[in-house]
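Me: Before we discuss this structure, please set each term against its definition as you use it.

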Amino acid sequence: MIEIDGNRLIGRLDTFAAIGATQKGGVNRQALTEGDRRARRLLAELAWTRGFSVLQDPMANLFIRRAGHDESLPPLLIGSHLDSQPAGGRFDGALGTLSAFEVLESLEDARIETERAVMVVAWTNEEGCRFAPGCMGSMAFAAGEIPPEWQKKLATDGAPFAGELAKTIESLPGATVIPLGFPVHAYLEVHIEQGPSLEANDIPIGVVGGIQGTRWLDVIVTGQTAHAGTTGQAYRRDPLRALTAALSSLYEAIMPSDPDARFTIGRVSVEPGSVNAIPDEARCTVDIRHPDPGRLDELEKQVTSTIAKESDLQRCTVAISRSFDMPPCTFSTDLQNMIERAAADRGFRSTRMLSGAFHDALFVNRVAPASMIFVPCRDGLSHNEAEFVEPGHAVAGCEVLAQATVLLAKEADVERVHQAD
Ligand SMILES: [Zn+2]
């Protein structure tokens, strides 16, 4: 049983929260800013103090490596991200990264020799708020290349991506530069749930089975603009009437009948937008989510056909296009079992769950078995300066990660289990 130092972890969370600290107790440490660079430097310095090696790849993904007994084996990777939202919380990303580092230090403290190397990672730009999309670091790592079009990206504040990336890499001259992507034995990430279910059920550990799929649609219903006063019912071709009728029946149909489904209309607009004219165009965005890819297809068909039917009734035409499609991901069953066992070994109750949000683990899962350990956050609040994790829950997540790390980095059998997967 490996002992972690809970006080050291909580202290580290405070220290890192001071980098980019906001007035309201949150953090503004957006990707590839000076704050992000300071946090990376601090982690690297802590690593050097302990004699670990520090590496970075061309995406500025930062790795801290503790050697294993057999250096020919692919390392176990554990970690998360250090960047934040502009008005972000202290735990989103930092908890997973610092928990992973605490595990590495605890292994060192206890002089535990692992069969394979254990590496901590801080992925670049998980949040995607300063440069879109999110998870650029893990996405490029999994793809083994940086998409050329990224070089031309500009930040929301106008800064060029290529320049900010280069500056970030240069700010850690002592780190060994390695190529993008390498074989990984398995990947584990501790993260706050960013939702209310663990807290509501008073369960400290969530074993994450996967990340639900997301699909975005752009809907345009076209009718005919006409005078609001002179145009009787029979003469109207009102696209907003068609769209509102369709959405209202979709609200009634989708989520009430399927607890795993998510259906959200985030943006609605009409043209020409005049108080006394029937609109000629009604637009909306649709965000549908589901863990089952088949159901995601069905939901898209249901949305499309319902809007088409109502548009027909109003003698309107409809055009629907997909603007985003992220298939669901399913995490390794072996890793889930292992996390569950690790939680039980430590005396924590756990539950299997899905993640509603994206994470770097989704991308790493494309090249190595991955899973996540969720801990509760107060009121399910995240991407908010008031984000809060009970110290006991932060320590619990780290203990489970430590336990799973020892199982994974030591057990030679795991490899064969994965191959049979
Ligand atoms: Zn995060």
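Reply: This is a predicted model, in which local features need pLDDT of at least 70 and side-chain atom pairs count only at pLDDT 80 or more, while totals for chains, interfaces and linings use all residues. Residues are numbered from 1 along each chain as its sequence is written, and side-chain values use heavy atoms, with hydrogens and water left out.

Me: What makes strand S8 a pairing partner of S13?

Reply: Two strands pair if DSSP finds at least two bridges between them; S8 (residues 213-222) and S13 have 10 bridges, in the antiparallel sense, and therefore meet that criterion. Within S13, arginine 283 stands opposite isoleucine 220.

Me: How do you know that strand S11 pairs with S13?

Reply: S11 (residues 268-271) runs antiparallel to S13 and is joined to it by 4 bridges, with cysteine 284 of S13 as the bridge partner of valine 268.

Me: What is in contact with isoleucine 78?

Reply: With contact meaning heavy atoms within 4.5 Å, and neighbours within four places in sequence left aside, the residues touching isoleucine 78 include Ala100, Val118, Tyr187 and Leu401.

Technical notes
Helix = DSSP H or I, 4+ residues; strand = E, 2+ residues; numbered from the N terminus.
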